[in-house]
Amino acid sequence: MRRIYLVILILLVPLAVFADTEQSEDPEDSVLLLFSYHPGHLWEDSIYTTLLEGLIEILPGTEITIEYMDTKRNPYSKMEDRIYRDLSLYQPDAFSLIVAVDDNALQFLAGRGQTLFPSAPVVFCGVNDYGAVLDTLRPEHTGVISKVNLPDTLALAKTIIPSLNTVYVIVDATPTGYGNIQMIEKQRSQLRGELGLLDIQYTGEDKLTTDELLKWSSSLPDDAILLLTSWYRDKSGEYFSEKEFISRLSEVTAVPVFNLLHLRTGVLGGKVTSGAVQAQIAIEQIRQILNGTRASSIPVNEDDTAVYAIDQQRFRYWNFSEKKLPKNAVLLNPVSASSYRVTVQLLSSALLGLLLLIILLIRQSWLLNKSTGHLSRQKNELYTTLSSIGDAVISTDGESRIVFMNKVAQTMTGWTLEEAGGRPVSDILQLENGFSGEAVDNPVKQVLEKNDRVFMDANTVLISRKGQKFHISDSASPIRDPRDETLIGVIIVFRDITDTEKIQQVLQNEQRRLRDAQAMAMVGNWEYDPHKDAYWYSREVYTLVSVDPKTSDPPPVLDFMMKIFPSWAKGSDLPDELKQSYSRVKSIMTVPGENGENRILHLIARQAENPETGKLIVTGIIQDFSELSQTRAALKASQDQLRQAARMEAVGKLAGGISHEFNNLLQIILGYSQLLRDECSGKPEMEYVEPIIKTAASARNLTRQLLLFSRTEQMNMETFSMSSLIHNLLPILGRLLEENIELESSLEGDEDWVYADKRQIEQVLINLSLNSRDAMEGGGVLRISQSIHMASHSFPGLDGSIPAGEYVELTVQDSGTGINEDILPRIFDPFFTTKDKDKGTGLGLSIVYGIISQHKGYLNIETDRSRGTSFHVYLPRTGSGNAAGPEVETAGQEETHENKGLIYMAEDDPMVRQLAETMLRKNGFEIKSFVNGSELIKNLKKEHPPRDSIRLFLLDVIMPEMGGEQAFQSLRSLGYDVPVLFMSGYTEERLKNIAELKNASLIHKPFTMKDLIEKIQSF
């Protein structure tokens, strides 16, 4: 009925909206309902119905638009662009208010929805993760946070099922499923007392198909429940509707199913989130906003909107007492009271008839017993005896029908004597082989066929009426008439040996696990009995000390007491260290290993009591610590490398940040000094201007060195031959060296291609050569060589192991004094130098380290105080290619008054902005400048200049409010596809995105007027 009502309501909404449109072409308010999922989703349908009814009732005439994102049946990433295209058909001011239902809808509005509808306030409901979008959502919003209540649901389950021990949480393979795990784990920390002791396990996820999950749920123990969160897609990726899955689960589950998320029929229930309650709160918030209240002034509702909801049919299916339910619980699928009373009356009548029948049978039995006398007394004595023994007893007549069952037999089979009496024993006694699972012939049948006693197989298992299994030991014997030995029945005696079997199995498993653990961890245990002067060893002990366990005369290496206590003499009291029962004495011993290296063994001993004699003994363990010692040494080395890398990274970031700020200052100094030079050409003041320009150029080179060190310098990658680069650079290096230093080179082959920045690799070679020059104050030999290094295995490097591969190796070797070991770890630290202040900055080797790291290469160093130092650089070898051609010089631009076009510029630094304006006007361009991208975009929207009237946009990358990249996207969305030139003092990795932008380029600060004009003319 609810579904029919929902369909009618959906059909009536367009009519209501159409009728309202007929009355007024311009409705007063317009509301967009954005749903995360799809029509027919139970949770959102409950919100949909309440929202629609409420809006029509309290806000008549409001125009309502409904959109579904369908992100339950499809991934959010797949549907995001589609819903963006659909919603972009509406005008930005088309809606007075937007209602977001569930997290995906709110996430969309907090992101791309800001662009579509920048001024519409937002009201949300059905949202769990409000904190994830709080920082990005526009201030004009309010709504209702959907909170689950795990503690109250588990408390309800514990009240109904006192024996509850394990909670299996069903989660699916969707993002919702993983979100549900995080939600439950967050509330799990709030569990206290008995609830805190519950074993909570997750099942499903991407590990099971739906059929596997349903089969597993049918065999759960009685002390467990299922907690259903979501199940839409299983391991196979197949989508299931909630109704379909719950229907199948309720048919097979062996335990009750509880839930946390919204009202569901088919599961027992719990304290669940209510979409209707949340929608009612949201309607009131919508009414206030449409009546003039600002959304930001309406507090977000964080109250607990969950309600107790119980499926009464499932509750009675599990025979639970409804007295234990909360008084305010909502009952779903209520059971008809009249049919329930009829059922009770019928059952009462049946029980009354059965009781009368039992009374009649008892009376007849009493009359029979009275008439038989002595036989009756014998049977009573036998009945009492059989009922009192601890074994189960069943007797049958000659036709295999049940005559008697004692209490033990009734408990194990699940049948009462009244129920089983007169029925074939095969109906009551279900037996199978515990190993094969095959049915076992009934022992009564075997006795009747053989006319003799039979014993069942030791692996016989009894299956009770409720499906419980007992491992039994049993026998069956014939009952004979004492008068003529005629076979008149069979008696079966059996006992439950399940616990005994389990204990033995557990003990065997524990022993096996202990043996396996000792073998894998290489831990042996031993005992010493001082009263017998005898040792006992586990097999791992012999393995650890490399002794044959079959040896009849144990060697001294196995005398652990003497290893731990060298001064202790046998036959005397135990050492003082072992006199306290809690004392643990430790020692280290070494023995030769199989590979020639010593094995380090750890010995531990303590006092113990021999359980057989009650006397004191010494018990201990022995463990191989060789790998642990190696691991500790390797860990210490790794920690040292990590600290070194952290120092380099921290100083690198500092250097990059300083360089960026310094570039802005240099831009102003260099730009204005070059403009001043043009003005002072031929004047005496030129002698003051030129030193300024040269000093600024030197400062620019210093910032580039800092950027090289910080590994943020943009690289101009190309493929070139390392030997060719060295060959061309040798004349320059020769001029840098002193006359008393001889330069040698050794270049092998011509297949030494690398993919790198040629200028930076030249910088590496120059820095290493200068470092070697300074190490040879008295003269010497500098040898530069190149070779191809083919490594099939990893090999040592400066920062650990260098992986196997093909490398081009560059070696710079000097015959100087070498490097002291105490300063060797610091030579690549920035600003560390052993030279005089006027001979070095301490950046040379740091820059080498930064460049090689940026090229994903490796370094190694060999030094000897008597032979000098060798630096080895390893760059990945690549296939042959063509090096980039020479740069073409562009002629400088003369000052002109010709109007070369309009340039829009955004730059937050006022002095850089003024400088750029001067440069551009000097070269004939018309300029409109703004302090950031936001102001530029506002002006374009206001003025609407034709696209053809704009020559270029000049944008700083980093600006407050709106940076260059954001402004670029806004320009393209407004239809301005003219060229864009970015400028920045940064050369960080994040600027690589600019290279991917169409019709855009980048110029680095500081730049000259010539650089700027050439960049503009390159478009």
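I began with contact range in this predicted model, and found that, of the contacts in the protein with a separation of 6 or more, 66% are between residues 24 or more positions apart.

Next I looked up the overall composition: the protein has 29 helices and 38 strands, and buried residues make up 45% of its 1019 residues. For the accessible surface I noted a total of about 54700 Å², with 52% of that belonging to carbon and sulfur atoms.

I then turned to helix pairs, since two packed helices are described by the angle between their axes and the distance between the axes.

On the H8 side I listed Thr210, Asp211, Leu213, Leu214 and Ser217, which meet Phe245, Arg248, Leu249 and Val252 in H9. Sorting the residues of this contact between H8 and H9, I have five nonpolar, two polar and two charged.

The other pair was helix H2 (residues 42–58) with helix H10 (residues 275–290), where the axes come within 8 Å and cross at roughly 35°. Here too I wrote down a right-handed crossing, of H2 past H10. H2 contributes residues including Trp43, Ile47, Leu51, Leu55 and Ile58, while H10 contributes, among them, Gly275, Ala279, Ile283, Ile286 and Arg287. For the contact of H2 with H10, my tally by class is nine nonpolar, six polar and one charged.

Terms used: Residues are numbered from 1 along each chain as its sequence is written. This is a predicted model: local features need pLDDT of at least 70, side-chain atom pairs count only at pLDDT 80 or more; totals for chains, interfaces and linings use all residues. Side-chain values use heavy atoms; hydrogens and water are left out. Helices (H or I, at least four residues) and strands (E, at least two) are DSSP runs, numbered from the N terminus. Buried means under 20% relative accessible area, exposed over 50%, partly exposed in between (1.4 Å probe, protein chains only). Contact means heavy atoms within 4.5 Å. Accessible areas come from the Shrake-Rupley method with a 1.4 Å probe; for residues, only the protein chains shown count as cover. Ala, Val, Leu, Ile, Met, Phe, Trp, Tyr, Cys and Pro count as nonpolar, Asp, Glu, Lys and Arg as charged, and the others, Gly among them, as polar. Axes are lines fitted to C-alpha atoms, for helices over the stretch in contact, and angles run from 0 to 180 degrees between N-to-C directions. A crossing is left-handed if the near helix is turned anticlockwise from the far one by less than a right angle, and right-handed if clockwise.
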